[in-house]
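Biologist: I'd like to walk through this model with you, one question at a time. Could you show it to me before we begin?

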Amino acid sequence: MRMRIDHGRALILALAFGIPFLFVSSALADPLGAGDIPADKAAPQPRSVQEQIKLANDYFAGRGVAQDFAQSAHWFEKAALAGDAEAQMQIGYFYDAGIGVPKDPERAVHWYQLAASNGWARARVNLAILYFWGSGVKKDQQLAVQLFREAAAKGVGLAACYLGDIYYLGVGVPQDKVAGERWYQKGAEMHNPQAESDLGLLLFDNPDHGHDLPRAAALLRESAAAGYVPAIYSIGLLLVRNPGLAKSPDEAIAFLNDAANAGSWKASTMLGVLARDGEGVPVDAGAAYFHFRVAELQGGDDAKTLLRFDLNKLASSLGPAQTASLDSQAQNWHQQHHNVLEFVHREGENHSRYSEYALAEPANGTHTVLILPALPN
């Protein structure tokens with residue numbers, strides 16, 4: 001099970017609460033020592049917290065200034081030291097993921113604690129994940145579960161989704177699939193995209209669970225509309241298998257193309273299968289080969305093993321010249337879409353003061369994601 005730490009842009013809920021362990025009492029205190037990143041003296045020196053956050057975003061995105069993650073971290077930390085809870089969450093994530101600053105789990109814990117003590121409910125989720133993995137703190141999965149429960153009670157859908165994972169898979173608690181599904185349902189009721197996707201998959205693609213395809217489609221569509229890439233692939237797959245649920249003849253292909261553009265090798269594979277077999281599109285050996293080659297580049301060894309036979313068979317029918325051309329096209333395409341994204345930005349969703357980001361999937365062995373200042377072209 002992989003848990004992803006939330007980054008600051010999506011941290012919208014601000015609720016007062018108490019935490020059952022000690023927090024630093026003052027949002028202005030930094031017992032670990034203030035950040036030592038010098039400010040860019042050539043840049044305007046912001047006076048207010050709002051100006052500091054704007055400049056931090058500008059440096060992160062390279063908007064009006066040269067992109068500089070270290071300067072972004074500097075100004076987020078300045079705003080955090082002034083007591084801004086969103087900035088405290090953001091700089092905590094920067095230290096957690098090593099964005100513009102060295103990775104420092106203990107400092108990440110410090111800032112998450114301050115954000116939580118200042119009423120930022122999602123800070124409990126990030127703290128719970130660190131306790132779950134034992135990153136920057138002593139591993140304590142029971143406390144992690146408690147913090148997830150408290151965050152879910154405050155309306156944080158992601159916490160409910162993680163509780164669904166924990167109980168459904170039996171990680172750190174006795175396995176209880178009924179309880180896990182109940183938590184997924186709670187997360188979906190809070191419109192959390194991950195919970196919607198997980199519940200939708202139970203209702204669509206789990207052989208040990210009863211299926212409800214119309215409800216699964218509705219859940220996956222809502223998750224996909226929020227930019228959650230696994231759901232974008234899953235709704236495309238559901239509609240390929242059940243075309244009667246599609247809103248238009250090309251809806252399934254459109255979802256699969258969006259997922260492939262976001263780095264989903266399974267979506268690229270499905271596009272290759274459809275072109276190879278002529279399902280929903282004309283039979284096209286060249287398009288099939290291209291999509292399979294892209295999937296191989298995206299998916300690594302797993303994709304290579306799965307697609308070796310099809311690629312060899314298609315290469316034989318296409319011939320060396322066309323195969324070489326398609327190989328080059330696939331390589332060029334992959335260079336433009338090399339990040340494997342977990343979330344993509346959707347217009348009109350920014351309810352906070354932070355820049356819109358795309359989120360790359362976490363690498364193996366880590367709980368943090370790479371936040372990207374813009375979508376790939």
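Biologist: Which residue lies over the face of tryptophan 183?

Modeller: Before I answer, keep in mind that this is a predicted model. For a charge to sit over a ring, the charged atom has to be within 6 Å of the ring centre. Here the distance to the ring centre of tryptophan 183 is 5.9 Å, and the residue is lysine 186.

Biologist: And what lies over the face of tyrosine 95?

Modeller: The cut-off is again 6 Å from the ring centre. At tyrosine 95 the distance is 5.0 Å, and the residue lying over the face is arginine 107.

Biologist: Let's zoom out. How many helices and strands does the chain have?

Modeller: The chain has 377 residues, and buried ones make up 54% of them. As for contacts between residues at least 6 apart in sequence, 59% join residues at least 24 apart. The count you asked for is 16 helices and 3 strands.

Biologist: Take helix 2. What span would you expect for it, at 1.5 Å a residue?

Modeller: Helix 2 covers residues 69–81, which gives it 13 residues. From first C-alpha to last, helix 2 reaches 18 Å, close to the expected 18 Å.

Biologist: Which residue caps the N-terminal end of helix 2?

Modeller: Look for a side-chain oxygen lying 3.0 Å from the backbone nitrogen of alanine 70. The cap at the N-terminal end is aspartate 68.

Biologist: Which helices do the buried residues of helix 2 pack against?

Modeller: The buried residues of helix 2 include Trp75, Phe76 and Ala79. Together, the buried residues of this helix pack against helix 1 (49–61), helix 3 (85–97) and helix 4 (105–117).

Biologist: On to aromatic rings. Is the pair of tyrosine 168 and tyrosine 184 stacked, edge-to-face or tilted?

Modeller: The structure holds 7 aromatic pairs. In the one you picked, the centres are 6.1 Å apart and there are 40° between the planes. Under 30 degrees would be stacked and over 60 edge-to-face, so the pair of tyrosine 168 and tyrosine 184 is tilted.

Biologist: Which helices does that pair link?

Modeller: Tyrosine 168 and tyrosine 184 are both buried. The two residues are 16 apart in the chain. The helices are helix 7 (residues 157–169) for tyrosine 168 and helix 8 (residues 177–189) for tyrosine 184.

Biologist: Why does the pair of tyrosine 228 and phenylalanine 343 get its label?

Modeller: The ring centres of tyrosine 228 and phenylalanine 343 are 5.0 Å apart. Their planes are at 40°, so this pair is tilted.

Biologist: Is phenylalanine 343 buried or exposed?

Modeller: Buried means under 20% relative accessible area. Tyrosine 228 has 6%, so tyrosine 228 counts as buried. Phenylalanine 343 has 14%, so phenylalanine 343 is buried.

Biologist: Now a histidine. Which side chain does the side chain of histidine 209 make a polar contact with?

Modeller: Histidine 209 is found in the loop between helix 9 (193–205) and helix 10 (213–225). Leaving aside neighbours within four places in sequence, histidine 209 is in contact with Glu181, Leu202 and Leu203. The polar contact, at 2.8 Å, is with glutamate 181.

Conventions: Residues are numbered from 1 along each chain as its sequence is written. This is a predicted model: local features need pLDDT of at least 70, side-chain atom pairs count only at pLDDT 80 or more; totals for chains, interfaces and linings use all residues. Side-chain values use heavy atoms; hydrogens and water are left out. Helices (H or I, at least four residues) and strands (E, at least two) are DSSP runs, numbered from the N terminus. Contact means heavy atoms within 4.5 Å. A polar contact is a pair of N or O atoms within 3.5 Å; within protein, one must be able to donate a hydrogen and the other to accept it, and residues adjacent in sequence count only if both atoms are side-chain atoms. Buried means under 20% relative accessible area, exposed over 50%, partly exposed in between (1.4 Å probe, protein chains only). The expected span of a helix is 1.5 Å times one less than its number of residues. Rings of Phe, Tyr and Trp (its six-membered ring) pair if their centres lie within 6.5 Å; planes under 30 degrees apart count as stacked, over 60 as edge-to-face and the rest as tilted. A charge sits over a ring if NZ of Lys or CZ of Arg is within 6 Å of the ring centre and within 35 degrees of the ring normal.
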